[in-house]
Amino acid sequence: MEPLEKETKSKPSVRARADAIKPFRCKNLIAVIENPTDVRNIGTVIRNVNAMGVEKVYVVDVRGDLPDDWQVLRDDKAVSKTSVSAVKWTIVKRFDNTDACFDYLEAKGFVSIVTSPHVKGKTSIYLDEGDYTVHPKLAVWFGSEAIGISDRAVERSAMCVSIPMFGMIESLNLGTSSGIVLYEVAKQRRAYQSRFTWRNQRGERETPLPTVMAPSK
Ligand SMILES: C[S@@+](CC[C@H](N)C(=O)[O-])C[C@H]1O[C@@H](n2cnc3c(N)ncnc32)[C@H](O)[C@@H]1O
């Protein structure tokens, strides 16, 4: 197949999918990863963010591993591979340190919550106990692989959320925990949002859910 023909054939389906999922994107919901050390985890979080309809990913990157320019990051082979190209469809912004990210979020009216397998800060809850629709603009923070969430992030956040652990292992990995937490947070916010956007006054669904994608060959 000639490149041009291929492009003309694939474009309508990509556009149709982008249009179909647009109403279900969670507005004003951001996932923040604090000092991740493994690029594969960054890719996995980006993939989860994209799949859950979370709006953006912010990365606190003290070591300066990531490029400032999102366009450059989109072309990074390792991130693109582990995110299964989700990086092409997801806005990613990097920050030099934790305070810089909090300053930026707070200036825009975002409230932050952190995640940890441990009890941290003044308020600590289990994931299923939370109402994640209370704050119109919400940032959910995930800590680094070895150290976890920083004390500074705990100090500047509204609460700490934990996924209950029932095994001998004390924590989940970054990719897995971001998937579980963002699923719950996005589910709640999408349900809340739907009452005002894709449902009519009687609560009937006006916008059909996007169709399940056929597996790629
Ligand atoms: C591999 S864990 C970090 C483990 C680190 N030793 C610690 O004690 O926090 C990486 C990140 O995944 C998230 N995470 C892992 N397990 C979690 C759990 N049970 N509940 C909530 N978040 C969790 C947190 O954001 C954590 O900072």
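**Entry 1**

Which residue in S6 does valine 111 stand opposite? I looked this up in the predicted model and found leucine 138. Valine 111 belongs to strand S4, residues 111-115. I then checked the pairing of S4 with S6, and the two run in the parallel sense over four bridges.

I turned next to S1. This strand also pairs with S6 in the parallel sense, over five bridges.

I asked how many residues of S6 are buried. Five of the five are, so the strand is largely enclosed by the rest of the structure. I sorted them by face: Leu138, Val140 and Phe142 lie on one side, with Ala139 and Trp141 on the other, and both faces are covered.

**Entry 1. Overall layout and confidence**

I counted seven helices and seven strands in the protein. Reading from the N terminus, I wrote the order down as α-β-α-β-α-α-β-α-β-β-β-α-β-α. The protein has 217 residues, and buried ones make up 35% of them. I also looked at contacts between residues at least 6 apart in sequence, and 82% of these join residues at least 24 apart.

For confidence, I noted an average pLDDT of 87, with 84% of the residues scoring at least 70. Residues 1-7 stay under 50, and over this stretch the model has one contact beyond four places in sequence. Where pLDDT is low, the predicted coordinates should not be read in detail. I left the stretch at that.

**Entry 2. Strands S1 and S2**

I followed S1 to its pairing with S2, which is parallel and has six bridges. Within this pair, isoleucine 30 stands opposite lysine 56 in S2. I checked S2 for burial and found it mostly covered, with five of its seven residues buried.

**Entry 3. Helix H2**

I checked the length of H2, residues 39-52, against its residue count. At 1.5 Å a residue its 14 residues should span 20 Å, and the end C-alpha atoms are 20 Å apart, which agrees.

Is H2 mostly covered or mostly exposed? It is mostly covered, with 11 of its 14 residues buried. I listed some of the buried ones, including Ile42, Val45, Ile46, Val49 and Met52. Arg47 is also on the buried list. An α-helix has 3.6 residues a turn, so residues three or four places apart point the same way. I then asked what covers the buried residues of H2. The cover includes strands S1, S2, S3 and S6, and helices H4 and H7. Just after H2, I noted that glycine 53 takes a positive phi of about 75°.

**Entry 4. Helix H7**

The buried residues of H7 include Leu174, Ser177, Val181, Leu182, Val185 and Ala186. Arg189 and Arg190 are also among them. I noted that H2 is part of what covers these residues, together with elements that include S1, S2, S4, S6 and strand S7.

Most residues other than glycine have a negative phi, and most peptide bonds are trans. Asparagine 28 has a positive phi near 55° and sits in strand S1. It is partly exposed, with 16 other C-beta atoms within 10 Å. Asparagine 35 has a positive phi near 50° and sits in the loop between S1 and H2. Asparagine 35 is buried, because it has 20 other C-beta atoms within 10 Å and the cut-off for buried is 20 or more.

I also located aspartate 65, which is in the loop between S2 and helix H3. It is partly exposed, with 13 other C-beta atoms within 10 Å. Its C-alpha atom is separated by 9.6 Å from that of proline 36, 29 residues away along the chain.

**Entry 5. The ligand shell**

Last, I looked at which residues are closest to the ligand. Of the 17 residues that surround it, the closest are Thr115, Pro117, Gly143, Gly148 and Ser177. Ser177 is also one of the buried residues of H7. By class, I recorded seven nonpolar, nine polar and one charged residues in the shell.

How values were computed: Residues numbered from 1 in each chain as written. Predicted model: local features only at pLDDT ≥ 70, side-chain atom pairs only at ≥ 80, totals over all residues. Expected span 1.5 Å × (residues − 1). Buried ≥ 20, exposed ≤ 12 C-beta atoms within 10 Å, placed from the backbone. Contact = placed C-beta atoms within 7 Å. pLDDT = per-residue confidence, 0-100. Near = placed C-beta within 6 Å. Nonpolar A, V, L, I, M, F, W, Y, C, P; charged D, E, K, R; others polar. Pairing = 2+ DSSP bridges.
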